[in-house]
Each structure stands twice: as C-alpha cells, then as structure tokens.
Amino acid sequence: MSATIADRPLTAAAPGPKRRRKPLRSRAYKVFRAVALILIVLVFIAPLLWMLLASFKTNVDIYDASKAVFFTPTWDNYDNVLGRNNYLIFVFNSFWVAFCSTALSLVLGVPAAYAMSRFTMHRSALVVLMARIIPGVSLLVPWYYVFSNMHLVGGYSVLILSHMFVALPLIVYIMMSFFDSMPLELEESAQVDGLTPIGAFNRITLPLSVGGIATAGILSFIFSWNNFMFALVLSGAHTKTLPVAIFNFVSYASIDWGGLMAAAVVVTIPIMVIALFTQKYIVTGLTAGATKG
Amino acid sequence: MAVLTPTRKSAWQAYSDWANAHRKWLFAAPAMIFVGVLIAFPLAWTLYLSLTDAHGSVRAASHFVGFRNYLQALGDMDRFWPATARTFAFTLSALAVEMVLGMCIALLLWRPFRGEKWVRVAILLPLVATPVAVGMMWRLIFDPNIGFANQLLNFFHLPSQPWLSSTETALPTLVFVDIWQWTPMVVLILLAGLTSLSEEPDEAARIDGANAWQRFIYVTLPLLMPTVIVAVLLRSIDALKTFDILYATKGKGGGSFNEVETLNVYAYGLSFDYNKYGLASAVLILFFLIIVACMFLLTRRRKGSNS
C-alpha cells in the first residue's frame, strides 16, 4: 500500500489507468492517426531542432539557405557565449535563485497546503491562489521601492523572494490536490497508535508525500528558472538570471544569431533534460486538480 | 521520550499540546503571512499610487490627484484602449485555437499506441522551454530574410511574409508562438480528464448505435466539461498576462508602433521605461479588475454547468 503511494506521484487514491484496449475499427483511421501524430511531433520539435542547429552554425552559414541542414558544425558560438560573456555566472544565478526559492517555498507551502486540504480552508487557499491571478507588474513597483530603500535590489535575496511569489502558489496548488487525494486512514490509524497529529504528519504523511513534493518542487524550479520579468527589474549586473542575460544579448549592436541561439540552447537544455527524466512528475503536476471538476 | 525528566516532559507536552491543537493555523499561517506581506501590501500601495501623480524617481514626492489617472487611462484612445483590445484579441484567438487543437490532439493520444511515450515527450518540450529563449528562437525562424518560415513558404512557391516585422502580422505571429508553446498544456490537462472518465456511458452509447462523433458530442464532451473549463481558466489567466514572448521579440512598448502592446506590456513600460508610476498603477488596477471579471464569469459558468 505505502509503496504504491510513494511510487506514483499524485495518483495516490486514483484507480489504475482505464484505457480502452479495443482494436480500432478502420485501417484508414489508423493511417490517419499515424500521419497526424508524426505531423504533431514535427511541429513541436522542429523549431527546437532548428534552434539547436543554428547554434552550431557560423553566422555566414545561418544566412545561407542551402546550408540549412548540411553544414560544418562549430563550437565557436558556445565558446563565445560561455567563455567571453561569462554565461556560467548567469547559469549559476539562475540555478541558485530557482533552487532557493523552490526550497523555501516548499518549507512554507507544504504544511500550508496540508492544513488547507485537511481543514478545507477554501478561503485561505484562495488568498494564496490569488497570487496566480495578479499581474506581476503591479507588485514590482512597490517591491522595487521598498527593496531599493533597503539597498537589496541587485542582490540574490530580492530575486529569491520575488521568485517565491511564483513558486509558493504553484506548490500550494499542487500539494493541496495531492493531499486531497491521499487517504485519511493512514494518519488516523497512526493517531490511534499514539502519535500526535503533528507526529502523524511528520512520520506518516510527509514520507508518503515524497512523490507529490518532488512534483511540486520540479515544477516550481522550472517556472522559477523560466521567469523573466522579476529578474529583469530586480537583478543587478552580477545577479542577472539567464533569461535576462539572453534578452540583453540582443539589445547590443546587431544580432549575432549564432551566439543568440547558443545562449538560448544554454537556457533551455538544463530544463529539457530535467523534463525528460521527470516527465511523469511534470505531467501530474501540471494537471493537478484538473480532473476534480 | 522515556528518559525525559517529568518537568521537561510537561513543558514539552504543553507546547506539543498547544501546537497540535492549533496546527491548522500553525501550518497555514507562515505561507499566508508571506503571501499577505508580499502581495496584499504591494497591492494596497499600487492602489494608493494610482491616486497620485507619482513619476520620475520612486523616492520623489507625489501629490494626491484623485481619479485623474483613471480618467486619463480610460480616455486614452492611443495606447490604453488599443492595448486592451490587443490583450483580448491575443487571449481569445490563442485560447480558441489552443482549445480546439488541444482537444483534437488529446483525443488522438487518448487510446494507447506504439511510440506513445515519444509523442508525450515531444509535446512536453515546448511547454517547459524558457519563454524568452522561445521568443528568440521564433525571431530567427520568422526573420523575413533568413528565417526558416519564409524558406518553407518559398519551397511551396508561396510569397514570403514579413511575420514579426510588420504591424499587421506581428500580433498574429505571436499568437502562433503562444499556440505552439501552450497547446501542449491544454493537451495534458484534457488527456488527464479523458483518462479519468468512466467507460460505461461511452459503452452504453456505442451499444445504442451512436457513432464516434455523436459519442464525442453527447457523451464524452459533457462529461469532460469540468476539465475543459479548468483548462480554459488556467490558459486564459496566463494568456491575459503574457509578457515574456512579447517583450523578448518586440522589445519596449510592443514594437516601434506599439503593434503588440498588451495591457501587461503597456503597464510594464509605463512603470519601468517611462517611470510614470501613478498612471501605470491605474492601468494595473484596471487590468487586474478585467482579469478578476473574466475569472468571475468563467467560474460562475462552471458552477452553473455543475448543477
């Protein structure tokens, strides 16, 4: 019982997949479906491959349509981006801000989601979820004012705080639907056996929530890594995150397409590698609460 | 526990009892206080700023001007109303295509097939890609001279398009980018809804002789409606607030003719490019009200469809 819950993120109480395993009626539909699926995959993947190819081209080759696919690859763009433009610092900034904001949001968000789920605090939950609706710009002006008076603008702490604004509602949202689907019986029997409610949370609920916490953590990390607007205003020259660094890449002089694409690949590759290995978690997280109606 | 002395145990016990009795708020309060301080307070400040003529430096003195900023915004036919129209045009067109396309793809992926895993990975990648990088990527692809998009058109002997560089085609092009990036989100949500549906109603309709289209319209779709509305809700919140791809591809003010300037981009520009904090705050409050009104309409319909 416990093994199945820990293994399968967010589907604690859900029954197994109810897929229809009946043969499809017509051969024509099968062919149509295969063609449609190949087309879909192409449309979603081709632009990313194009970006990847361009990042290995010299700018001369990028301008040459005949060298769209066949060209002599070069590492020059990556050398440029990672070496001369100090992108490794921005990589670290992005990682550090995403990591800290995710960790802190988990510490705040998991117990809160638990309380909101178990005590059905819908109004309190609404307060946290409001953060998803509010346009970020409306918070940025006051934040900028307060934090610049505290001489914090340009430091990591402001970036982490502002990214927690993205991470915390997401984590509360995902964890609430996780706790909603988790059977009460386990905690109750632990309490019958002499654990206090908080003891039961620490020793029974939390260990069983590893899947859910991983889901929430991975998604929150991704969203923080991808966030652009907060860092655009609140970061300094040395705390720039990758999206801001890429954006600034363009504003100087004419566009160095090869370098720009290499920079874009540097931002997206870590996230895509994470996505490839944690696909199941990301899907459950993104669709959390969607099927409750 | 057994080694604790009686007095320490009772103090610990008292604390533990208190904590357990109040665990509801003990657990929820830190997150709520954090959110409250970081959101409620700035929101109140924005509300205050919207009633003043704050501009220039954040530290400069400002004067109370009543509703002048709101009147200025609402009477502004050059920037505010076009931006509002663009926000809705962008959101509605992206949302409509994403929902229809998302439903089609979800239905295609519904039944298991070989290579299912690869298709799922493929549709997940756009979703997790950094929006700014996605913007830059499409900038290259849609470049009128060297872009892949025009190479493709020319290959089929179709005329080249200006894409992002023309005032007429820039916004539709960005709608396309939004569709490319976020249709997978709709697919995943609808697919989760489809797999959680029970088989019996569909089976019953099949036995009664309903064809695939009828079963979809009269059985699957009504059962799936709550999930569809969740997808619409989540996508419309994000689409209304789209910023990254617009700012990354067209820069300040949504391009030199403000051709892709939505309310969010407009408010950002007023705040941080022109430092007109008072007017920006008024625009933001209006924008916020618009979003809340949209959510209210959607959730009200949701309750209605449940009953």
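**Entry 1**

I count two residues as in contact if their C-beta atoms, placed from the backbone, lie within 7 Å.

I noted the ground rules. This is a predicted model, where local features need pLDDT of at least 70, side-chain atom pairs count only at pLDDT 80 or more, and totals for chains, interfaces and linings use all residues. Residues are numbered from 1 along each chain as its sequence is written, while chains are lettered from A and ligands numbered from 1 in the order in which they are written.

**Entry 1: chain B, build**

Which elements make up chain B? I found 13 helices and zero strands. Helices (H or I, at least four residues) and strands (E, at least two) are DSSP runs, numbered from the N terminus.

Next I checked the dimensions. The C-alpha trace of chain B spans about 90 × 70 × 40 Å along its principal axes. Its radius of gyration is 26 Å, but a compact globule of 307 residues would be near 19 Å. That radius is taken over C-alpha atoms, and the globule rule is 2.2 Å times the number of residues to the power 0.38.

**Entry 2: chain A against chain B**

I moved to the interface. Here 83 residues of chain A are in contact with 79 residues of chain B. On the chain A side, H2(A) gives the most, with 12 residues. I sorted that side by class: 66 nonpolar, 11 polar and six charged. Ala, Val, Leu, Ile, Met, Phe, Trp, Tyr, Cys and Pro count as nonpolar, Asp, Glu, Lys and Arg as charged, and the others, Gly among them, as polar.

**Entry 3: H2(A) on H6(B)**

How do helix H2 (residues 27–55) of chain A and helix H6 (residues 131–141) of chain B pack? I read an angle of about 80°, with the axes 10 Å apart. Axes are lines fitted to C-alpha atoms, for helices over the stretch in contact, and angles run from 0 to 180 degrees between N-to-C directions.

I listed the residues. From H2(A), A:Pro47, A:Trp50, A:Met51 and A:Ala54 meet B:Met137, B:Trp138, B:Leu140 and B:Ile141 in H6(B). This contact has eight nonpolar, no polar and no charged residues.
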